[in-house]
Amino acid sequence: TTTTTTTATLSSVVTQSPTTETTRTSTVFGELCINGSVPSTQSQCACGAGCVVCQHDGALVAGPCELCNSTLFGFQGDCIPRCPDNYREDDNTRQCRAITASASTTTTTT
């Protein structure tokens, strides 16, 4: 039996078998790191490469990126120069957006 519990960015996975039980818990990201500082504590922090705002644990661990710099696009918590296939670059939000069937279909009437 596998149970997955997700609250904000906290995730716990518990796997049980007749003879063993394993629990793994990820870091809790309760703060934001904005331009190198955690606003609530004024402490210094660091996000990943190209990231301006990221989730942060308030101490040392940077989490997923929330906002990339003006030359990169956010995709699955990272900042990348070009979005992958089936995604488009959104210049307003600096995020990769999935291309939907309706957005990629052009109808021409003659």
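Begin by selecting strands S11 and S12, which form a hairpin with four residues between them, and where Arg-94 in the turn has a positive phi of about 60°; strands here are DSSP runs of E with at least two residues, numbered from the N terminus. This is a predicted model, in which local features need pLDDT of at least 70, side-chain atom pairs count only at pLDDT 80 or more, and totals for chains, interfaces and linings use all residues. Residues are numbered from 1 along each chain as its sequence is written, and side-chain values use heavy atoms, with hydrogens and water left out.

Arg-88 stands opposite Arg-97 in S12.

Next select Cys-96 together with Cys-83, which are joined by a disulfide with an S to S distance of 2.1 Å, a disulfide being a pair of cysteine sulfur atoms within 2.5 Å. The link of Cys-83 and Cys-96 is left-handed, with -90° about the S-S bond. Cys-83 is buried at a relative accessible area of 12%, and Cys-96 is buried at 9%; buried means under 20% relative accessible area, exposed over 50%, and partly exposed in between, with a 1.4 Å probe and protein chains only.

Then move to Asn-86, in the loop between strand S10 (78-80) and strand S11 (87-90), where this residue has a positive phi of about 70° although it is not a glycine. Asn-86 is exposed, with a relative accessible area of 59%.

Finally, select Cys-47 and Cys-54, whose sulfur atoms lie 2.2 Å apart in a disulfide. Cys-47 is partly exposed at 21%, whereas Cys-54 is buried at 0%.

Technical notes. Pairing = 2+ DSSP bridges.
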